[in-house]
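Please report on the side-chain packing and backbone geometry of this model.

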Amino acid sequence: MASSVSSQHDQVLVEVKSFARILTLNRPKQLNALSLHMISRLLELFLAYEEDPNVKLVILKGKGRAFCTGGDVAAVVHDIRTGGWRAGANHFMKGYTLNYLMATYSKPQVSLLNGIVMGGGNGASMHGRFRVATENSLFAMPETAVGLFPDVGASYFLSRLPGFFGEYVGLTGARLDGAEMLACGLATHFVPSAKLPMLEAALCAVDSGDPEIISSIIGRYSEQPSLKEQSVYNRLDVIDRCFSQKTVEEILSALEREVVNRRDRWISATVQTLKRASPTSLKISLRSIRVGRFQGVGPCLVREYRMVCHVLRGEFSNDFLEGYRAILLDKDKNPKWEPSKLELVTDTKVDRYFSKVNNEDGEDLKLPVRSKFNLPPYVVAKL
């Protein structure tokens with residue numbers, strides 16, 4: 001038992017460096033997928049550091065080739081099958097609470113995104129004040145491919161990207177490199193990975209939690225990377241034309257018209273990606289991002305929690321469990337979605353995912369009370 005507790009604590013490594021605390025996600029074999037223990041531990045540490053006057057800066061990074069590839073989906077599915085949907089929802093409840101704490105944190109959080117950052121890994125970083133990409137960074141929100149939707153507050157941060165780039169990224173699960181992350185605002189800085197040790201040392205040497213001072217230190221090591229010629233960010237005109245459409249069906253039709261006019265292989269690949277995704281996931285994801293444009297991060301997380309509870313209950317569709325089977329378990333990459341076509345996912349069915357869970361076990365997400373008067377202005381919107 002003692003060994004088990006010790007190994008759990010090793011999942012988040014803590015270094016005390018003067019007025020800074022360095023937290024390292026330490027499940028490299030699992031690409032730092034967030035276990036429930038890791039989420040609970042991060043919550044505990046962030047809450048403690050906010051009350052500690054000796055802590056002025058929190059640095060978050062991952063061990064190995066990933067910052068964090070998201071939540072531990074296998075553990076969530078196991079909990080659903082053994083303890084019911086509510087057990088699985090507990091993972092998301094804790095995770096969303098951590099996301100909100102980071103989004104409203106009164107001290108600077110510097111996330112070093114030197115590797116893969118997907119799904120829940122974005123929830124643990126995008127809400128923080130500073131997000132440092134490198135040439136090794138790889139961003140994605142691939143949830144529609146596994147019967148879920150971009151959550152962890154993604155309806156907040158994706159909806160605030162330029163034009164309709166957030167809709168594109170959220171619906172397709174497109175992978176972005178460090179230069180693209182910086183260009184669209186997902187990253188605040190780009191620092192070559194070789195310079196990260198020097199950056200860490202410089203951050204730990206400063207006796208300040210002033211965001212402007214922290215930003216100037218990161219800026220000393222930052223570069224302005226060039227976008228690759230074939231970067232999707234160079235296709236913003238097409239993305240805006242197509243992904244500004246009102247419905248998923250209209251988005252697909254617009255893309256197919258572009259294929260005829262331009263014969264661009266990227267457009268054809270985007271069409272095929274959307275056709276492989278869960279129709280239900282596409283519909284609720286688009287609605288979520290559109291609604292998120294007009295909501296703060298707290299209401300976005302509360303709404304996303306309602307949505308994820310409906311997904312886990314499987315009352316309207318079992319696409320999440322089927323997506324897990326086809327993509328992550330059996331890996332046949334041939335999920336049998338139900339409903340199987342976009343036109344079968346009506347607006348009425350989509351509405352259900354945004355309604356309160358009518359169940360004695362269902363309750364809305366209760367976010368911690370945060371005093372607006374004690375928070376610096378930059379926590380209101382970081383993108």
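Rings of Phe, Tyr and Trp (its six-membered ring) pair if their centres lie within 6.5 Å; planes under 30 degrees apart count as stacked, over 60 as edge-to-face and the rest as tilted. By this rule Phe165, Tyr168, Tyr233, Phe243 and Trp266 form one aromatic cluster.

This is a predicted model: local features need pLDDT of at least 70, side-chain atom pairs count only at pLDDT 80 or more, and totals for chains, interfaces and linings use all residues. Residues are numbered from 1 along each chain as its sequence is written, and side-chain values use heavy atoms, with hydrogens and water left out.

**Aromatic rings**

A search of the whole structure finds eight aromatic pairs.

Helices (H or I, at least four residues) and strands (E, at least two) are DSSP runs, numbered from the N terminus. Phe46 lies in helix α2 (residues 36-51), and Tyr105 lies in the loop between α4 (85-103) and β5 (109-113). The pair therefore ties together parts that are 59 residues apart in sequence. Phe92 and Tyr96 are both in helix α4, four residues apart, so about one helical turn separates them.

Buried means under 20% relative accessible area, exposed over 50%, and partly exposed in between (1.4 Å probe, protein chains only). Phe46 and Tyr105 are buried. Phe92 and Tyr96 are buried too.

Charged groups also meet rings. A charge sits over a ring if NZ of Lys or CZ of Arg is within 6 Å of the ring centre and within 35 degrees of the ring normal. The charged end of Lys56 sits over the ring of Phe19, 4.5 Å from its centre. For Arg287 over Phe354, that distance is 5.3 Å.

**Helix packing**

Axes are lines fitted to C-alpha atoms, for helices over the stretch in contact, and angles run from 0 to 180 degrees between N-to-C directions. Helix α3 (residues 73-83) packs on α4 at about 150°, and the axes are 6 Å apart. That makes the two helices roughly antiparallel. The cut-offs are under 35 degrees for roughly parallel, over 145 for roughly antiparallel and 65 to 115 for roughly perpendicular, with the rest oblique.

Contact means heavy atoms within 4.5 Å. On the α3 side, the residues are Ala75, Val76, Asp79, Ile80 and Gly83. They meet Trp85, Ala87, Gly88, His91 and Phe92 in α4. This contact divides into six nonpolar, three polar and one charged residue. Here Ala, Val, Leu, Ile, Met, Phe, Trp, Tyr, Cys and Pro count as nonpolar, Asp, Glu, Lys and Arg as charged, and the others, Gly among them, as polar.

Helix α9 (residues 196-205) has Leu196, Leu199, Glu200, Ala202, Leu203 and Cys204 buried. Their cover includes β1 (12-17), β2 (20-25), β3 (57-62), β5, β7 (130-133) and α10 (211-221).

**Backbone geometry**

Most residues other than glycine have a negative phi, and most peptide bonds are trans. Which peptide bond is cis, with omega near 0°? The bond from Glu338 to Pro339 is. Pro339 is in the loop between α16 (319-329) and α17 (347-353).

Lys333 lies in the loop between α16 and α17 as well. Its phi is positive, near 55°. Lys333 is exposed, at 65% relative accessibility. Val152 has a positive phi of about 45° although it is not a glycine. Val152 is placed in the loop between β8 (138-140) and α6 (154-157). Val152 is buried, with a relative accessible area of 8%.

Ile116 is in strand β6 (residues 116-118). Its relative accessible area is 12%, so it is buried. Beyond four places in sequence, Ile116 touches Leu31, Arg65, Ala66, Phe67, Cys68, Thr69, Asn136 and Leu138. Asn136 is 20 residues away along the chain, with 7.6 Å between the C-alpha atoms.

Glu167 is in helix α7 (residues 165-172). Is this glutamate buried or exposed? Glu167 is buried, with a relative accessible area of 0%. Leaving aside neighbours within four places in sequence, Glu167 is in contact with Phe243, Leu286, Ile289, Arg290 and Arg293. Glu167 and Ile284 are 117 residues apart in sequence and 12 Å apart in space, C-alpha to C-alpha.
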